[in-house]
Amino acid sequence: MIDIESLDWAKSPDGLLPAIVQDAETLRVLMLGYVSRESLAQTLASGHVTFFSRSRNKLWTKGETSGHFLDLVSVQTDCDSDSILVMARPHGPTCHLGRTSCFPEARGDALAELDRLIATREAERPEGSYTTRLFEGGTRRIAQKVGEEGVETALAGVAQGDDELLGESADLFYHLLVLLRARGLGLADALAVLETRAR
């Protein structure tokens, strides 16, 4: 994943390097922390992102008190080897204020966030949820809804204004994500196919 000794630890007088944490699925920037050799080694060994707390002067695993861990996906260094980018999957809000991100205006991929919400709805099946009703109706019913939304999107494209076309497109995206999830797939699987076609 990354060679700890290849990083330029000497560039920082305190031996700490900045670590930007990004959601591996939505690409939203979640937080900035600092890592030492030891905290980065613990991150790689445990799979939970661990920082060096400058205020407490000790190692600190994100989520050790809140339960909102950051599961490690990957680590990469910048071109100067003096900062790192950590891709992670968050368990709950990252910010101590209860927000998704410490940067409240940081944008992520709205489609990936919707896909994550749909996966949660499938797992939890909250009562009264339209998504729950779709899953309980079965794959055939969901596929029918995708077909209906596809026709409505096509009709909006030739016979209605931009607002209607955008609204129908959003409905189509949503129902398609539900269909993928009903088949045990997700947005990342569809995007992987697109990536192979873009080469």
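**Note on the pockets, domains and selected residues**

1. The second largest pocket has a volume of about 290 Å³. It is lined by 16 residues, and those closest to its centre are Glu25, Ala112, Leu187, Ala188 and Leu191. Helix H2 (110-124) and helix H6 (187-197) are the elements that give two or more residues to this lining. H6 gives the most, with six residues.

2. The model is predicted, and local features need pLDDT of at least 70, side-chain atom pairs count only at pLDDT 80 or more, and totals for chains, interfaces and linings use all residues. Residues are numbered from 1 along each chain as its sequence is written, and side-chain values use heavy atoms, with hydrogens and water left out.

3. Some terms used above need their cut-offs. On a 1 Å grid over the protein atoms alone, a pocket is an open set of points where a 1.4 Å probe fits, with protein on both sides within 12 Å along at least five of seven lines; lining residues have an atom within 4 Å of a point. Grid points are joined across faces, edges and corners, and the volume is the space filled by probe spheres set on the points. Helices (H or I, at least four residues) and strands (E, at least two) are DSSP runs, numbered from the N terminus.

4. Which classes of residue line the second largest pocket? Eight are nonpolar, one is polar and seven are charged. For these classes, Ala, Val, Leu, Ile, Met, Phe, Trp, Tyr, Cys and Pro count as nonpolar, Asp, Glu, Lys and Arg as charged, and the others, Gly among them, as polar.

5. The domain assignment gives domain 1 (1-106) and domain 2 (110-198); such bounds come from an automatic or database assignment. Taken over C-alpha atoms, the centres of domain 1 and domain 2 are 33 Å apart. Each of the two domains supplies at least three residues to the lining of the second largest pocket.

6. The largest pocket has a volume of about 340 Å³. Of its 20 lining residues, Met31, Leu32, Gly33, Arg56 and Trp60 are the closest to its centre. Strand E2 (29-35) and strand E3 (50-53) each supply at least two residues of this lining, and E2 gives the most, with four. By class, the lining has nine nonpolar, eight polar and three charged residues.

7. From the record: UniProt, in an unreviewed entry, lists residues 31-103 as "domain: Phosphoribosyl-AMP cyclohydrolase". UniProt positions are given in the numbering used here, feature names are shortened, and annotations may be inferred rather than shown by experiment. Over residues 31-103 the chain is 14% helix and 38% strand, and the end C-alpha atoms lie 7 Å apart.

8. Aspartate 23 is in strand E1. Is aspartate 23 buried or exposed? Aspartate 23 counts as buried because its relative accessibility is 1%; buried means under 20% relative accessible area, exposed over 50%, and partly exposed in between (1.4 Å probe, protein chains only). Not counting residues up to four places away in sequence, aspartate 23 touches Arg28, Leu30, Met87, Ala88, Pro90 and Arg116, where contact means heavy atoms within 4.5 Å. Aspartate 23 and serine 101 are 78 residues apart in sequence, with their C-alpha atoms 9.4 Å apart in space.

9. Methionine 87 sits in strand E6 (residues 84-90). It counts as buried because its relative accessibility is 11%. Neighbours within four places in sequence aside, the contacts of methionine 87 are Gln22, Asp23, Ala24, Leu27, Asp71, Leu72, Val73 and Ser74. Methionine 87 is 62 residues from glutamate 25 in sequence, yet the C-alpha to C-alpha distance is 8.8 Å.

10. Threonine 94 is in the loop between E6 and H2. At 3% relative accessibility, threonine 94 counts as buried. Its contacts, leaving aside neighbours within four places in sequence, are Leu30, Met31, Lys62, Leu70, Arg99 and Thr100.

11. Two backbone angles deserve a look. Most residues other than glycine have a negative phi. Leucine 27 has a positive phi, near 65°, and lies in the loop between strand E1 (17-23) and E2. Arginine 125 also has a positive phi, near 50°, and lies in the loop between H2 and helix H3 (130-137). Leucine 27 counts as partly exposed at 44% relative accessibility, and arginine 125 counts as partly exposed at 34%.
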